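Colleague: I am new to this structure. Could we go through a few of its residues in turn?

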Amino acid sequence: MAKRFSSETYVKGILAGDRVMLSRAITLVESRLAADQELAQQVVSQVLPHAGKSVRIGITGVPGVGKSTFIEAFGNYLIKEQGKKLAVLAIDPTSQRSGGSILGDKTRMDSLATNPQAFIRPSPAGKSLGGVSRSTRESIILCEAAGFDAVIVETVGVGQSETAVHAMVDFFLLLMLAGAGDELQGIKRGIMEMADAIAITKADGENVGKASAARAEYQSALHLYPLGASGWSPKVSTCSALQNTGLDTIWQTIADYLQLTQSNGYFDKKRHDQNLQWMYEAIRQGLEDNFYAHEQVKQQLPGIAEQVKSGQKSAFAAAAELLRLV
């Protein structure tokens with residue numbers, strides 16, 4: 001078991017920008033042990049006044065779109081050209097069979113991982129909704145308190161993760177590929193509506209023409225959607241992580257979005273609404289954890305589950321019976 005420190009030690013290290021202590025604090029919030037969770041919440045509460053000053057960017061896309069390659073190129077651009085200190089929270093897929101995760105994003109971002117202005121933290125998705133780690137919200141706060149003024153949250157890109165990440169970031173970027181069949185076929189309307197911008201990746205070599213055509217098609221499709229509460233009209237651009245092209249355009253789009261939403265009040269409103277959503281999610285998670293930790297539930301759940309499995313008892317009746325135990 002990892003060594004625990006006092007909350008004051010964690011807080012002091014985080015505020016001083018100590019990456020080792022930041023990593024240990026994130027490990028603490030990822031722990032399911034009750035003692036670790038209690039200590040983690042003390043740490044998060046104490047650093048909270050020092051958080052909130054970053055731009056939070058969610059990045060998603062189907063597997064194969066090159067999320068890690070893009071994030072490395074874009075991250076290096078933010079550091080070198082925009083003077084940002086960058087934290088990347090990469091949610092890694094967790095095997096439903098073994099429970100293990102690959103945690104390979106650091107190895108896929110070689111140059112960014114060794115940059116002193118960057119902090120990359122791969123986290124196992126576990127059983128959280130859509131592959132978003134339940135501790136990602138707290139990790140964002142810890143990174144901000146440690147002085148990182150840009151935080152990227154990368155999703156697994158499995159479908160439901162987009163909704164969860166959208167609820168914890170300021171700007172949501174959807175990465176798409178060109179030349180992979182009908183550009184709009186199979187793209188969920190909900191994901192398109194959530195995106196503040198779409199970037200067509202791998203726009204290099206022979207793929208430049210296809211990427212340009214895809215950009216025009218997506219931009220035309222987005223014009224069919226009504227403006228959201230932010231008043232922002234989503235933009236579509238092309239980029240190449242290999243040639244480092246189009247990265248400045250994407251950052252300018254983010255900057256334009258921030259300027260608009262901060263001036264019209266939407267930015268603060270969204271942050272405040274997200275805080276409430278985080279609270280309700282924490283309540284739901286806490287109730288679920290307490291339910292499964294209840295002694296009578298642990299004793300009777302296996303037998304009742306077998307009755308449901310064999311058809312002797314309905315799932316709803318079984319759930320009601322178990323809930324009455326708590």
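Modeller: N244 sits in the loop that runs between β7 (235-238) and α11 (247-263), where strands (E, at least two residues) and helices (H or I, at least four) are DSSP runs numbered from the N terminus. This is a predicted model, in which local features need pLDDT of at least 70, side-chain atom pairs count only at pLDDT 80 or more, and totals for chains, interfaces and linings use all residues. Residues are numbered from 1 along each chain as its sequence is written, and side-chain values use heavy atoms, leaving out hydrogens and water.

Colleague: Is N244 buried or exposed?

Modeller: Buried means under 20% relative accessible area, exposed over 50% and partly exposed in between (1.4 Å probe, protein chains only). N244 has 51% relative accessibility. N244 therefore counts as exposed.

Colleague: What is the phi of N244?

Modeller: Most residues other than glycine have a negative phi. N244 is not a glycine, yet its phi is positive, at about 55°.

Colleague: Where is K202, and how accessible is it?

Modeller: K202 lies in the loop between β6 (197-200) and α10 (208-222). K202 counts as partly exposed, because its relative accessibility is 38%.
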